[in-house]
Amino acid sequence: MIHFTNVRKQYGEQLLYKDASFQVRPGDKIGLVGPNGAGKSTVFRIIMGSEGVEGGSVTYSDKLVIGHFSQDVAEMKGRSALEEVKAGVGRISELAKMIDQCERKLQGMDGELSDDEMMSVVEKYGEYQLEFEARDGYTLDSRVKEILTGLGIGPEDYHRPVESFSGGWKMRIELAKVLALKPDVLLADEPTNHLDMESIIWLEEWLRSYKGMLVMTSHDREFMNRIVSRIVEVANKTITIYSGNYDFYLREREIRREQLLSSAKKQQDMLAKEEEFIARFAARASHAAQVQSRVKKLEKIERIEVPVEERSMSFDFPTPPRSGQEVVKFQNLKKIYKKENGDEKLVFQNLRGQVQRLDKVAVVGVNGAGKSTLLKIMAGALDPSDGTCVVGPSVKVGYFSQSALDVLDPNKTVFDEISDRIPGATVGYVRNLLGAFLFSEDEVNKKIKVLSGGEKSRVVLATILATPVNFLILDEPTNHLDIRSREILLEAIQKFEGTVILVSHDRHFLKSIATRVFEIDQGELLPFEGNFDYYLSKTTRLAH
């Protein structure tokens, strides 16, 4: 168990929380939630001991093995993916050495032992073997391979040097290291970042069957709902506990806030009456005792504080100009990429399909199937190797992609990046637009290069909103957005009076938006004329 008791944490003048308490109990699967900057990742660092506290305590047994997955990946080099993961399971490696040492002593290789020494070694040997077996030390190699494969790194990549993997794939290797450790407590900070849907579903199953304690943050609402049974909210300079999953937390938080607002109003009404009595009779000697009594009573009353609600994005796509019935049509579409060594990689061929006005299409498929490639071709950002992709003449495209974050000018301010795209707009219009994406006052003068991934995503979404479009092409629009911002974007897309095609690994997002599904499978496109739940009912690929 971990006891987080009356903790006070601050950075200089900024108080993160005070009197913050919660426990991690055997079998707990906890979702750690709260607005950006509230101190969720700091909770992890405090538990790990990499940061201290100004008050309170964090206690747990010295024998407790804690695994921590964060977004900060240490440098990796000199090993294969398989070796890197196996090297990360420290406790199992320690136990293997201690078992070996005990065996040497029992065989007399390190000198004769007295009866008492022999009993002591036998006892330790049994303890080490039990723990080694409990941590599946004897199946380490097969377990590591299973975890790597589940996270999308197959047998053909087991022996690839870690330095040859991109940043996102190194994240998967880092996550595999923590999972292979089979810790008593797993602290996971956004474990689904950089994972595709297949890997997310595999990780979900792994965590559901995981016997240890789990504390995690996640921006994926469905993932959180399927795994956690308690919510620890870090907000308003304190920690609040909710017994249930994320959906339960949302409902319960609203109920508690309504009750708090009601209590605060009753208190305000009572205080106003008391203060009115004091003001009316303060000058009358005949009421002096009553006035003093009420003054003392008011001094003792603890005022109910209603926390300010966190800011969230608030926007609607403008009514778009009407497009023709056929928005985009592609036939015999083929794409081949040239590798650095000169080899060719076929992504897909003979792809054919069309998107009609007001369709909301989800494009799905395994990692590397060509989902983003298809969207790039539709957006005109990439030429096909063969075939045609024709966008209707009255179609105005708004394209969001992860690479679009790199298109932003790092030396421009947020304000300039938007105003340059809509030269006729007033300062007030640009400020209002940016305000809807949580950029207010001085924040609009931030340089693009100092923004976080989430802030850059909001700037790109604002650029799409800056001019009316009737065809939204969205490639992973929810990456870097917190759950609250995802919900606002989701509602805006649902109400959007145009056509949408999107790629996303957020199942809640796809279930709420898609009216059709295109699956790219082994280089071919399979259309499903129904929503995402209909698609799930017709395929075994994502069966759950």
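**Reading the model**

Trainee: Which accessibility class does Asn332 count as?

Mentor: Asn332 counts as partly exposed, because its relative accessibility is 37%. The classes are buried (under 20% relative accessible area), exposed (over 50%) and partly exposed in between, with a 1.4 Å probe and protein chains only. Before going on, note that this is a predicted model, in which local features need pLDDT of at least 70 and side-chain atom pairs count only at pLDDT 80 or more, while totals for chains, interfaces and linings use all residues. Residues are numbered from 1 along each chain as its sequence is written, and side-chain values use heavy atoms, with hydrogens and water left out.

Trainee: What is the phi of Asn332, and where does the residue lie?

Mentor: Asn332 is not a glycine, yet its phi is positive, about 50°. The residue lies in strand E10, residues 326-338. Helices (H or I, at least four residues) and strands (E, at least two) are DSSP runs, numbered from the N terminus. Asp19 is another case: its phi is near 50°, again positive in a residue other than glycine. Asp19 is found in strand E2 and counts as exposed, because its relative accessibility is 55%.

Trainee: Which residues of H11 are buried?

Mentor: An α-helix has 3.6 residues a turn, so residues three or four places apart point the same way. In H11 (residues 371-379), the buried residues are Lys371, Thr373, Leu374, Leu375, Ile377 and Met378.

Trainee: How do I read a sheet, and what is the strand order in the one that holds E2?

Mentor: Begin with pairing: two strands pair if DSSP finds at least two bridges between them. Here three strands form an open, antiparallel sheet in the order E2-E1-E4. E2 (14-24) and E4 (55-59) stand at the edges with a single partner strand each, so one side of each has no neighbour in the sheet. On average, neighbouring strands of this sheet are turned by 25° against each other, direction ignored. Seven bridges join E1 (residues 2-11) to E2 in the antiparallel sense, and Gln10 stands opposite Leu15 in E2.

Trainee: Which helix packs on this sheet?

Mentor: Helix H1 (residues 40-48) does, touching E1, E2 and E4, and its direction makes about 120° with that of E1. Contact means heavy atoms within 4.5 Å. Axes are lines fitted to C-alpha atoms, for helices over the stretch in contact, and angles run from 0 to 180 degrees between N-to-C directions.

Trainee: How is a strand read when looking at its faces, and what about E15?

Mentor: In a regular strand the side chains alternate between the two faces of the sheet. In E15 (residues 471-475), five of the five residues are buried. Phe471, Ile473 and Asp475 lie on one side, Leu472 and Leu474 on the other.

Trainee: Which strands pair with E15?

Mentor: E14 (residues 397-400) runs parallel to E15 and is joined to it by four bridges; the partner of Phe400 in E15 is Leu474. E15 also pairs with E16 (residues 499-503) in the parallel sense, over five bridges, and Asp475 stands opposite Val503 in E16.

Trainee: What is the hand of the unit made by E15, H16 and E16?

Mentor: A crossover is right-handed if, with the strands pointing away from the viewer, the path from the first strand over the helix to the second runs clockwise. E15, helix H16 (residues 483-495) and E16 make a right-handed β-α-β unit.

Trainee: At what angle do H9 and H10 pack?

Mentor: Helix H9 (residues 246-281) and helix H10 (residues 288-300) pack at about 145°, with axes 10 Å apart. H9 contributes Leu271, Glu274, Glu275, Phe277, Ile278 and Phe281 to the contact, and H10 contributes Gln290, Val291, Arg294, Val295, Lys297 and Leu298. These residues divide into seven nonpolar, one polar and four charged. Nonpolar covers Ala, Val, Leu, Ile, Met, Phe, Trp, Tyr, Cys and Pro, charged covers Asp, Glu, Lys and Arg, and the others, Gly among them, are polar.

Trainee: How many helices and strands are there in the protein?

Mentor: There are 18 helices and 18 strands. Of the 544 residues, 46% count as buried. The C-alpha trace spans about 100 × 90 × 45 Å along its principal axes.
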